[in-house]
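Please look over the sequence and the structure first.

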Amino acid sequence: MLPPVPALADYGISPDLGFLPSEPPLDILPDPYFAKWEAIVSNLQALILSKRVRETVDRLPLLDASYLQSESEWRRAYVVLVFMLHGYVWGGSKPAEIIPPQLTKPLFQVCEHLDLPPVATYAGVCLWNYKPIFPDEPADDLSNLASVNTFTGCIDEQWFYLVSVAIEARGGPSIPLMLQAISAARDGNSRVVTECLQRLAEMLDDIVTLLERMYENCDPYIFYNRIRPFLAGSKNMGDAGLPNGLNYDDGSGKPDYRQYGGGSNAQSSLIQFFDIALGIEHRPTGEKAPSSTPLKDEKEGVPGPPRHGFIQEMRSYMPGPHRRFLEHVSAVANIRLYVEARRSDKALCIAYDACLSMLRTMRDKHIQIVSRYIIIQSRESRGSARSSSPRRPTQAVNLATARHSDAKSEKKNLRGTGGTALIPFLKQARDETGEPAIDAWARRLLSNGPAESSFVALSKMSEHPDGHLEVVGLSGTWAADDSEGGICHW
């Protein structure tokens, strides 16, 4: 017996807004008991600027998160605490290694409730950190959105978060749409499956348009040097001053060092949902496509074993209900198999291939953004460091300055939060998106990537004699390891 198609309500997912909350997130905790938390996060930019954020957090009383009531309050508390956490760690001349109990203990309570790690995630900075300017206007309209909290107070940081919020809102209706397509495929209703795929292709086209708007109000220099350092986690951060990660002091006196990746758009459940629904598989970086398609031997309701740990790792940074929803969808996804079995149905095949084309285009745009905001800025930062006067004031140690201080850094790998090979994997993920294409013309079209001149050449960047490749990523180094892969990972 086939497992049931998931019900959105069982996972707290909105049929209109998808993985965004069905109601706008709280912009303040209503209980005065938590007023001291809100006072810090509302003045975070001033406290960071004055280098007083740590002493202010250190003076906090230890508050009990069990006084939180609704889910919206638990989410708001998570946003407040992770903004304080990252401001505390990166808001000084050197990163803070020990997190005090008055921050650690309530953060652990909140993260246990929400099934999230104690670090800023995509949910914390995007999904639960926005507000509509006019509540009666749509949430997928960038002109109607504002962020509740930021580290810098600049419009560039807000825009960086809000483009993702608008994409989530625009893509939200695609979730019930594709669940309908899965049900229709079970019933053999090709007309409904075709219509659902046609509508999905249109939604993906809209998402590409939103993604391209990143350039309007987010300056690459500001992002790389001012915003990005605050989004870093504690994984592989030795060069930035955290060789062991963070020591989360819970008051017991026992060291508790942990390492987590920082916030990343790869933690968007929506993007993984598209891949799962369309039957797109991603392999470890550098691994070629098999001669035969494994999916032909799989059955609906019997998901194959995970190919590698990257996707599962990314899901561990998603809210628990969202992660479990994706696992459920993986067990029932049948669209690719359904279309492959009906190659003579041209309307169905064209609709499916159109979805692949739109998703591949989105990944092309993502590569261009990463190239402009990360790779180019990294090179310019290193060049600036070499040409600057030796008498310039000492900069704070963070991701934008680590390993940029001397000529030897050119021979070393820029070290940050770790992850996967950035541009090589993004290109492979883009190419893998087109592999399920049905018609011959679509396979030819989707197998030809854009001209390489559109991107920064990376052939000589941090390449080891043994072929191991590391390039700078959104919050540090991206390493091409066989055990890793995925769209992106900070």
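The protein contains 18 helices and seven strands; helices (H or I, at least four residues) and strands (E, at least two) are DSSP runs, numbered from the N terminus. This is a predicted model, in which local features need pLDDT of at least 70 and side-chain atom pairs count only at pLDDT 80 or more, while totals for chains, interfaces and linings use all residues. Residues are numbered from 1 along each chain as its sequence is written, and side-chain values use heavy atoms, with hydrogens and water left out.

Of the 490 residues of the protein, 56% count as buried. Buried means under 20% relative accessible area, exposed means over 50%, and partly exposed lies in between (1.4 Å probe, protein chains only). Contacts are defined by heavy atoms within 4.5 Å. Among the contacts between residues at least 6 apart in sequence, 79% join residues at least 24 apart.

In soluble globular proteins, nonpolar side chains tend to be buried together. Here the largest nonpolar core has 131 residues. A nonpolar core is a set of buried Ala, Val, Leu, Ile, Met, Phe, Trp, Tyr and Cys residues joined through side-chain atoms within 4.5 Å. The residues with the most contacts inside this core are W37, L197, L278, F325 and I335. For L278, leaving aside neighbours within four places in sequence, the contacts are M178, L197, L200, R336, Y352, C355, L356 and L359.

W37, another of those core residues, is in helix 1 (residues 35–42), where W37, E38, I40 and V41 are buried. These four residues cover an arc of only 160° around the axis, which puts them on the same side of helix 1; the arc is that of the directions from the helix axis to the C-beta atoms. The cover over the buried residues of helix 1 includes helix 2 (44–49), helix 3 (53–58), helix 4 (71–90) and helix 5 (101–114).

Aromatic rings come next. A search of the whole structure finds 16 aromatic pairs. Rings of Phe, Tyr and Trp (its six-membered ring) pair if their centres lie within 6.5 Å; planes under 30 degrees apart count as stacked, over 60 as edge-to-face and the rest as tilted. The rings of F160 and F223 have centres 4.6 Å apart and planes at 45°, so this pair is tilted. The pair links distant parts of the chain, with F160 in helix 7 (residues 155–171) and F223 in helix 11 (residues 220–227), 63 residues apart. F160 is buried at 11% relative accessibility, and F223 is buried at 1%. F273 and F325 form a stacked pair, 6.0 Å centre to centre with 20° between the planes. Because F273 lies in helix 12 and F325 in helix 14 (residues 320–332), the pair ties together parts that are 52 residues apart in sequence. F273 is buried, with a relative accessible area of 1%, and F325 is buried at 0%. Both belong to one aromatic cluster formed by Y11, F19, F273, F274 and F325.

How many salt bridges does the structure hold? There are 13 salt bridges, each being a side-chain nitrogen of Lys or Arg within 4 Å of a carboxyl oxygen of Asp or Glu. One of them joins D275 and R363 (2.7 Å, N to O). D275 lies in helix 12 (residues 269–278) and R363 in helix 16, so the pair ties together parts that are 88 residues apart in sequence. D275 and R363 are both buried.

The salt bridge between R336 and E340 has an N to O distance of 3.3 Å. These residues are four apart in helix 15 (residues 335–340), and so are separated by about one helical turn. R336 is buried at 8% relative accessibility, as is E340 at 13%. R213 and E216 also meet in a salt bridge (2.8 Å, N to O); R213 is partly exposed at 28% relative accessibility, and E216 is partly exposed at 46%. R52, E55 and R59 are linked in a network of salt bridges.

Helix 16 (residues 346–387) also holds H366. H366 counts as buried because its relative accessibility is 17%. The UniProt annotation "binding site", from an unreviewed entry, covers H366; UniProt positions are given in the numbering used here, feature names are shortened, and annotations may be inferred rather than shown by experiment.
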